[in-house]
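This report describes the chain folds, the charged contacts and selected surface features of the model shown below.

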Amino acid sequence: MATAIIVEAAVDRAALFEFLLRMGDNALILGHRLSEWCGHAPALEEDIALANTALDLIGQTQLWLGLAGEVEGRGRSADDLAYLRDAREFRNLLLTERPNGDYGKTMMRQFLFDAWHYVVLKALRASSDARIAEIAEKASKEVSYHLERSRDLVIRLGDGTAESQARMQEALDDLWPYTGEMFVSETSDEPLGAAGMAPEPQSLKAEWDALVAEALSEATLKKPADGHMHKGGKRGIHTEHLGYILAELQFLQRAYPGATW
Amino acid sequence: MYAQMVKTDAARVKSLDDMAPEERAFQERIDAGQKIEPKEWMPEGYRKTLVRQISQHAHSEIVGQLPEGNWITRAPTLERKAILLAKVQDEAGHGLYLYCAAETLGISRDEMYEQLHSGKAKYSSIFNYPTLSWADIGAIGWLVDGAAIMNQVPLQRCSYGPYARAMVRICKEESFHQRQGFDILAKMVKGTPAQRAMVQDALDRWWWPSLMMFGPSDDASIHSAQSMVWKIKQNSNDELRQKFVDQTVPQAEYLGLTVPDPDLKWNEKKGGYDFGEPDWKEFFEVIAGNGLCNAERLGARRKAWDDGAWFRDGLTVHAEKASARRAAKTAAAE
């Protein structure tokens, strides 16, 4: 009996570690992409707002990866996990590593992600694991604001000039095939769902669909058909972009192993 | 100092007796330490000088995002990344307050951008130097923000109300920036030999450009004299430079670094350091557009503006549509 409990706890721990890496890696990689805009945004207010969003996401990365390291129990810190894993070990959604493109594409990526982020964090606030609920509580305050902002810009640019509408439609069409992955369940999701620690990904889809459909309609944009969806990020099969993100992000830690900064 | 060599249009500094009654009353208020507010009468030269100085200051904050932004994606830890993001976000915020302060003088932000993009308006020479290592991010906080603070603390007492008030807020944030820069370096000098070498190299490259931030000696400058009478400027460039050197050299010693100036020596009599002359030829080349990064910095700002035109137009047109829809709804209801 005692052995069974230990085995079960170990399975949950591995599943939980995977889940926490996903949350942390999404925040880290999207935060990185947003920070690439620094000083190059189309208006000063946008520079400020993007830096603010990136800052929130990096803060959330510290919390999720910090907890991941704790759960893993091998003494790895949030920084170790962020800076010393290779691309195959990253668990972020492919959507977050898509290149920035023009500002419209960055905002569309942000909106599609924020809508999911908002829904998943809302569910996580009720997690049976108090540590997860606590992080979700803090992060969802920030993400409510991210969603409010990205949603508003998608609507304003969609229902703006002919050019801004065309750009937003193109961004939506390009990014849409990367949204299905948000709702794909991996084997590690089942025990977490059963234990009430984290929602089953599929369970988030209806709310996300409604949020997105409502905003796209107001934005006068056409929701693409749900055709083929790319996936792999949650299992560490990424696009070629992630390798370059990590080459940049991890440069100092890799070039000067063991140095403290 | 984010504003360098600001012109005043003055041919000479007038005495009170030379002034028309309106201008004399204005000067007497300044002499009495009163603040001038946007709607009040002011000489055209005062207004123009402030527009030049405040916009140059704002442009410096905005262009200044670029050399530091260059390392945000490569910051060595999550905490350093978050701090640097917060700092660069502050700089953009400073740009925003300053553009707003300049707008109270009857110029729009778009006009100021146009002056920046056309090369008519300047920004501080310091931002045309490259950030080549992580230690440069420390050096910018420590030296560049340190030099900026020297200039900005007295500007809190500037005669123009909106500028003085913007400075109060900016100064608080700048001292946090300077500490974070110093902290980056303090950590690195306690690290590996490679890290220590990186810090010394950063000081070697940033020391002289930082001293140049104060501008050449302005003891004989009519523009500086006029700005002082108007209380837009409070100290001479040499005074501020001396203060900066006196404050910074002991900090360099604390870090175990060598200041790259063979003429640097404590002068007991004056109670300050004697130091060498920056290479003013290099300074004027950088001001003229020939620094290593001038073309890239200005190019990046122009590109951000041009590429963003569709975005700004989209928002404007949406606002017009939304307001027309609201008007139609109100009309239908009546």
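## Salt bridges

Across all chains, the structure holds 43 salt bridges. The model is a predicted one, and the distances and areas given here are computed from it.

In chain A, one such contact joins the side chains of A:Arg76 and A:Glu72, with 2.8 Å from N to O. A:Glu72 has a relative accessibility of 16% and therefore counts as buried, since the cut-off for burial is under 20%.

In chain B, the side chains of B:Lys87 and B:Glu68 form a salt bridge, with an N to O distance of 2.4 Å. B:Lys87 belongs to helix H4 (residues 78-103) and B:Glu68 to helix H3 (residues 65-72), so this pair ties together parts of chain B that are 19 residues apart in sequence.

B:Asp145 is buried, as is B:Lys87. Through salt bridges with shared partners, B:Glu68, B:Lys87, B:Glu91 and B:Asp145 are joined into one network.

## A negative surface patch in chain B

A patch of negative charge on the surface is formed by B:Glu103, B:Asp110, B:Glu111 and B:Glu114. Helix H5 (residues 109-118) of chain B supplies the largest share of this patch, namely three residues.

One residue of the patch, B:Glu111, is located in helix H5 of chain B. Its relative accessibility is 41%, so B:Glu111 counts as partly exposed.

## A glycine in helix H2 of chain A

A:Gly59 is placed in helix H2 (residues 44-72) of chain A. With a relative accessible area of 22%, A:Gly59 is partly exposed; the cut-off for burial is under 20%.

A:Gly59 and A:Ala27 are 32 residues apart along the chain, and their C-alpha atoms are separated by 8.6 Å.

## Overall form of chain A

Chain A contains 11 helices and zero strands. Its pattern, read along the sequence, is α-α-α-α-α-α-α-α-α-α-α. The radius of gyration of chain A is 18 Å, close to the 18 Å that the globule rule gives for 261 residues, so chain A is as compact as a globular protein of that length.

Along the principal axes, the C-alpha atoms of chain A fill a box of roughly 65 × 45 × 30 Å. Of its 261 residues, 57% count as buried.

## Overall form of chain B

Chain B has 13 helices and two strands. A compact globule of 334 residues would have a radius of gyration near 20 Å, and the 22 Å of chain B agrees with this.

The C-alpha atoms of chain B fill a box of roughly 80 × 60 × 35 Å along the principal axes. Of the 334 residues in chain B, 56% count as buried.

Key. Residues are numbered from 1 along each chain as its sequence is written. Chains are lettered from A and ligands numbered from 1 in the order in which they are written. This is a predicted model: local features need pLDDT of at least 70, side-chain atom pairs count only at pLDDT 80 or more; totals for chains, interfaces and linings use all residues. Side-chain values use heavy atoms; hydrogens and water are left out. A salt bridge is a side-chain nitrogen of Lys or Arg within 4 Å of a carboxyl oxygen of Asp or Glu. Buried means under 20% relative accessible area, exposed over 50%, partly exposed in between (1.4 Å probe, protein chains only). Helices (H or I, at least four residues) and strands (E, at least two) are DSSP runs, numbered from the N terminus. Patches are made of residues with over 30% relative accessible area and no salt bridge: like charges are joined within 9 Å, nonpolar side chains (Val, Leu, Ile, Met, Phe, Trp, Tyr) within 5 Å. Accessible areas come from the Shrake-Rupley method with a 1.4 Å probe; for residues, only the protein chains shown count as cover. Lys and Arg count as positive and Asp and Glu as negative; His and the chain ends are not counted. The place of a charge is taken as NZ of Lys, CZ of Arg, CG of Asp or CD of Glu. The radius of gyration is taken over C-alpha atoms; the globule rule is 2.2 Å times the number of residues to the power 0.38.
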